[in-house]
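Hi,

Here is the structure I promised to pass on. Have a look at it first, and then read my notes below.

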Amino acid sequence: MSMATENLLVELFVEELPPKALQKLGLAFANVLADSLKAQGLASTDSQVTDFASPRRLAVHVTGVAAQAADKAVSQKLMPVSVGLDAQGQATAALLKKLQALGAGAQDVPALQKRMDGKAEALYFDSTVRGASLAEGLQKALLDAIAKLPIPKVMTYQLARDCALPGWSTVSFVRPAHGLLALHGSAVVPVQALGLQAGDSTQGHRFEAAVSPVRIAHADDYAATLARDGAVIASFDARRAEIARQLQAAASAQGAQAIEDAALLDEVTGLVERPHVMVCSFDAEFLQVPQECLILTMKANQKYFPLLDAAGKLSNQFLVVSNINPADPSAVIGGNERVVRPRLADAKFFFDQDRKKTLMSRVDGLSKVVYHNQLGTQGERMQRVKKIAIVISGMLEFDDLTRSSIEQATTLAKADLLTDMVGEFPELQGVMGGYYARNDGLSESVAIAIEDHYKPRFSGDDLPRNQVALVVALADKLETLIGMFGTGNLPTGDKDPFALRRHALGVIRMLMEAELPLKLDSLLQTTTAFILVSLDNPLKNNPTEALLNFIFDRLSGALREQGAGAQEVDAVLALRPQLLAEVPKQLAAVRAFSALPESAALAAANKRISNILKKSEGTQGTVDPALLHESSEKALFAAMQEAVPRADALFTAQDYTASLQALAALRAPVDAFFDGVMVNADDPALKANRLALLQQLHSAMNRVADLSKLAA
């Protein structure tokens with residue numbers, strides 16, 4: 001920096017911003033503005049950037065900002081010497097024209113530098129560029145920050161003053177802006193944006209500010225002054241933490257706990273500038289309605305925080321985060337209690353009405369609900385799901401009672417889509433089906449299967465809770481994957497309208513974590529065959545291979561996210577293991593093998609063997625001990641006779657770690673073999689025998705994983 005620095009504060013004061021986007025808007029505004037200042041040399045890489053975002057303001061505080069950026073030396077290539085100077089060393093017309101464009105002239109020709117540029121010599125013009133002033137640099141940074149905001153929807157509005165045509169001149173921003181504050185230390189920086197001139201004042205809370213406007217004396221006083229005079233907690237994070245603290249305190253005072261919902265907490269933080277938590281209640285009679293319905297309506301429609309008792313059951317109390325703190329809160333509490341009552345009454349009405357009809361009576365209605373124009377109705381789809389579930393239950397050799405429960409659960413799984421409650425709250429599909437199944441007197445295993453068949457719905461979600469639910473969920477996801485792949489509705493980039501990535505991860509987790517003994521390839525082939533037969537319009541193509549690749553891609557990513565190394569994952573998945581339940585054990589075995597001192601040499605040797613075998617034609621035969629001439633190939637064959645059967649037995653016993661470790665004894669004879677034996681011998685019989693030996697070694701070494709993937 002060329003001169004002393006001060007801290008900088010910039011604030012845009014606007015009308016209420018979209019609460020769900022507020023945190024992202026605040027971070028983007030702060031980071032883009034600060035990055036621009038750093039790029040212009042007005043702030044350093046050590047400058048601390050603090051973002052502020054409240055419902056009516058976006059602001060940023062940047063430390064160590066200079067009033068003037070340092071001048072910068074610039075060396076600009078002009079043209080080759082042969083073009084810029086004639087035979088007598090005088091400037092050509094082309095050179096003079098270039099210099100004139102740079103604000104220089106013939107008098108600057110003697111100062112030009114000659115430097116090599118590749119194989120030719122070029123002329124360079126060295127100059128000093130004046131550093132930007134803060135007013136210039138901040139103006140650019142502010143406009144950059146505004147232009148690059150991730151605005152969900154732009155609003156266009158007219159300016160009333162300070163513009164060419166008051167009442168006609170328009171600007172576009174996420175919400176109408178009413179104030180701009182820019183302070184460098186205590187001095188106002190004369191910048192403008194959105195028809196506003198920068199000053200040193202802002203507005204505080206709509207109703208509770210001590211003064212209006214709120215004057216900020218110094219950039220460093222922003223947060224404290226707004227809190228004291230404006231009754232506003234400007235920092236999003238500080239306000240969020242204060243809301244969480246108040247929620248915890250209020251819940252504890254009631255002997256309860258507030259429901260945890262990070263997204264709801266973020267949204268409420270974007271709705272209030274000065275939070276104050278109040279305790280409200282509703283009539284206990286509404287607790288007869290399933291608590292999921294009551295919780296959802298309070299959270300989604302009213303932004304309330306329901307209270308749960310020690311057992312996790314919903315109480316008839318809830319918390320409201322108010323933007324005001326009146327001396328007498330009874331009016332606010334009473335108002336919120338009046339507002340929530342009709343919402344809960346609607347939920348109770350829907351629940352009571354839905355229970356008047358059985359789930360089975362709704363099944364025929366699914367034939368009138370279109371699922372996909374190429375895949376038919378929901379009724380037709382669930383017939384396919386039922387067939388897949390029956391096939392899977394046969395593969396798992398379930399008893400007749402379990403199969404009967406699976407068939408009943410798949411028949412009824414989607415019936416709750418036609419209920420009033422799910423029509424009002426689509427998020428409750430499955431959950432309400434479980435409640436209505438119990439109301440109809442169905443078995444608990446069927447009710448759980450109907451409730452859980454959407455699981456896992458997101459990363460970290462629980463798996464279905466019983467065997468019936470697992471099979472129904474697996475069948476449901478496989479039908480979606482096969483149908484969508486078969487009709488060409490594949491995910492592209494970040495777009496995945498049918499949530500196929502999530503469905504694939506669900507299939508992976510169920511096969512792997514529930515340790516289902518189902519081979520992935522045969523599972524897909526069998527279920528695809530059933531779908532192909534059941535469709536009136538055949539699928540465009542058989543999606544089995546494409547779907548297998550898709551699932552293995554998702555599996556690779558999931559294993560890496562769980563902390564497995566890229567080489568370890570590649571080594572295991574290179575063999576396309578079909579029993580996904582074995583993959584975690586295979587990964588553990590590869591990890592243990594990698595830690596052995598022999599692993600690097602054996603991985604490198606395995607890679608070399610793979611390359612040799614790729615170049616050889618045809619499948620190699622068996623090893624003939626009589627054709628083993630060299631001592632090192634005899635030693636390797638003898639070592640294999642001892643190590644390979646032991647490794648194979650351990651592999652069969654699914655002790656993959658010990659199986660790989662048994663092969664570690666082959667390191668020395670393998671190294672000696674490659675040092676002392678020419679594989680591609682002139683004698684065809686010797687060559688074939690040595691290739692057969694390597695083929696046998698390669699097969700033994702790569703039963704658990706492709707060890708060549710571990711080679712650096």
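Thr 419 is buried, because its relative accessible area is 3%, and the cut-off for buried is under 20%. Keep in mind that this is a predicted model. You'll find Thr 419 in the loop between helix H11 (400-412) and helix H12 (420-424). So what does Thr 419 touch, if you leave aside its neighbours within four places in sequence? Asp 354, Arg 362 and Tyr 436 are in contact with Thr 419.

Now for the salt bridges. How many does a search of the whole structure find? The count comes to 36.

Start with Asp 352 and Lys 348, which form a salt bridge with their closest N and O atoms 3.1 Å apart. Both sit in helix H9 (residues 330-354), and because they are four residues apart there, about one helical turn separates them. Asp 352 counts as partly exposed, at 27% relative accessibility.

Next, go to Glu 444 and Arg 438. Their salt bridge has its closest N and O atoms 3.1 Å apart. Glu 444 is partly exposed, with a relative accessible area of 43%, and Arg 438 is partly exposed too, at 31%. This pair belongs to a network of salt bridges that links Arg 438, Glu 444, Glu 451, Asp 452, Lys 455 and Arg 465.

Is each partner buried or exposed, or something in between? Lys 585 is partly exposed, with a relative accessible area of 36%, whereas Glu 582 is buried, at 11%.

One last stop is Arg 245, which you'll find in helix H6 (residues 236-253). The side chain of Arg 245 makes a polar contact of 2.8 Å with the side chain of Glu 242. For a sense of scale, pick Gln 525 as well: Arg 245 and Gln 525 are 280 residues apart in sequence, and their C-alpha atoms are 54 Å apart in space.

Cheers

Technical notes:
Residues are numbered from 1 along each chain as its sequence is written. This is a predicted model: local features need pLDDT of at least 70, side-chain atom pairs count only at pLDDT 80 or more; totals for chains, interfaces and linings use all residues. Side-chain values use heavy atoms; hydrogens and water are left out. Helices (H or I, at least four residues) and strands (E, at least two) are DSSP runs, numbered from the N terminus. Buried means under 20% relative accessible area, exposed over 50%, partly exposed in between (1.4 Å probe, protein chains only). Contact means heavy atoms within 4.5 Å. A salt bridge is a side-chain nitrogen of Lys or Arg within 4 Å of a carboxyl oxygen of Asp or Glu. A polar contact is a pair of N or O atoms within 3.5 Å; within protein, one must be able to donate a hydrogen and the other to accept it, and residues adjacent in sequence count only if both atoms are side-chain atoms.
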